[in-house]
Amino acid sequence: MIDSSLVGAVEPVVRPDIFRKPLKFSEIGAVERPLELRERLFRHAAVRKGLILLVLAAAWEVYGRVLGNPLLFPTFSETVVAFFQNMADGSLPSRIAVSMRTLMIGYATGICGASVLTVFAVTTRIGNDCLETLTAMFNPLPAIALLPLALIWFGLGEASLVFVLVHSVLWAVALNTHGGFRSVSNTLRMVGQNYGLGTFSYVRLLLIPAALPSIVTGLKIGWAFAWRTLIAAELVFGVSSGSGGLGWFIFENKNQLEIPNVFAGLL
């Protein structure tokens, strides 16, 4: 307890008043200043990435000129000229159309297969065990390794390309989508159960929105894998439906020692 006789015996501390002389507006200095053009441009990521590309192109050009052997490494300017020449005469657009058509068929088929497997895995235990077992077996298997079997089963044509594309897309998309579904919190799952959502409504209305970042990541990885597999397969036999794709364009120009055209196809 505090002794009541001491209350009021201590004098309060009085702080001295502080007086500040107001500054004139001219004495304050620059409160803000407009950014210079260079600073404004550098704030945009597209500009910074464009500068990186310019540096790489300049390094490419300098190395090609120093090497002085277009059969080994053409300069950047020679590659750009070859690119526009092949675009103008229709060589590259026709090859791009063939590759894109095959790519989209295989990519869409792989996504459909991954969707079926993932829904089956997320709704049943046996489906979950099946997907985990299949992805452990087939995901590490390079799609190009199945090309000899595809040639035997489907022959020399678009069907073989689609088969290896489906393999490259299916497991990457299914694995990422299933991982996203499993990361959904139990609270959200119980909410869906309390609302009485059916199997497909549960997946469509709850799991897909909650796991969308993982799904998009899987789609991006599947797209990259599909491009790699397609070009590698076309480099092997790539003629389908009477014409070849980008991989076959690269292979043909390599045989003809048109190395700038090879780099144009890569570009």
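Trainee: Which residues of helix 11 are buried?

Mentor: In helix 11, the buried residues are I215, G218, G222, A226, T229, L230, I231, A233 and E234. Buried means under 20% relative accessible area, exposed means over 50%, and partly exposed lies in between, with a 1.4 Å probe and protein chains only. Helices are DSSP runs of H or I with at least four residues, strands are runs of E with at least two, and both are numbered from the N terminus.

Trainee: What kind of model is this, and how are residues numbered?

Mentor: This is a predicted model, in which local features need pLDDT of at least 70, side-chain atom pairs count only at pLDDT 80 or more, and totals for chains, interfaces and linings use all residues. Residues are numbered from 1 along each chain as its sequence is written, and side-chain values use heavy atoms, with hydrogens and water left out.

Trainee: How far does helix 11 reach from its first C-alpha to its last?

Mentor: Helix 11 covers residues 212–236, which is 25 residues, and reaches 36 Å, close to the 36 Å expected at 1.5 Å a residue. The expected span is 1.5 Å times one less than the number of residues.

Trainee: How many helices and strands are in the chain?

Mentor: The chain has 13 helices and two strands. Of its 267 residues, 32% count as buried.

Trainee: Let us change topic. Where does G110 lie, and is it buried or exposed?

Mentor: G110 lies in helix 5, residues 91–123, and is buried, with a relative accessible area of 0%. Leaving out residues up to four places away in sequence, G110 touches V166, V169 and L170; a contact means heavy atoms within 4.5 Å. The C-alpha atoms of G110 and H167 are separated by 7.1 Å, although these residues are 57 residues apart along the chain.

Trainee: And what does T118 touch?

Mentor: T118 also belongs to helix 5 and is buried at 1% relative accessible area. Its contacts, again without residues up to four places away, are L131, A174, T177, H178 and F181.

Trainee: How many salt bridges are there?

Mentor: The count comes to three salt bridges, where a side-chain nitrogen of Lys or Arg must be within 4 Å of a carboxyl oxygen of Asp or Glu. In one of them, E61 pairs with R65, with the closest N and O atoms 2.7 Å apart. E61 and R65 are four residues apart in helix 3, so they are separated by about one helical turn. E61 counts as buried at 14% relative accessibility, whereas R65 counts as exposed at 60%.

Trainee: Which parts does the salt bridge of E252 and R95 tie together?

Mentor: E252 and R95 meet at 3.0 Å, N to O. E252 lies in helix 12 and R95 in helix 5, so the pair ties together parts that are 157 residues apart in sequence. E252 is partly exposed at 27%, and R95 is buried at 17%.

Trainee: What about R182 and E132?

Mentor: R182 and E132 form a salt bridge of 2.9 Å, N to O. This pair links R182 in helix 8 with E132 in helix 6 (residues 125–138), 50 residues apart.

Trainee: Now the rings: how many aromatic pairs are found?

Mentor: A search of the whole structure finds 12 aromatic pairs. Rings of Phe, Tyr and Trp (its six-membered ring) pair if their centres lie within 6.5 Å; planes under 30 degrees apart count as stacked, over 60 as edge-to-face, and the rest as tilted. One of the pairs is W60 with F263, which is tilted, at 5.9 Å centre to centre and 45° between the planes. W60 is in helix 3 (residues 45–67) and F263 in helix 13 (residues 259–266), so the pair ties together parts 203 residues apart in sequence.

Trainee: Which residues form the aromatic cluster with W60?

Mentor: Y63, F73, F76 and F263 form one aromatic cluster with W60.
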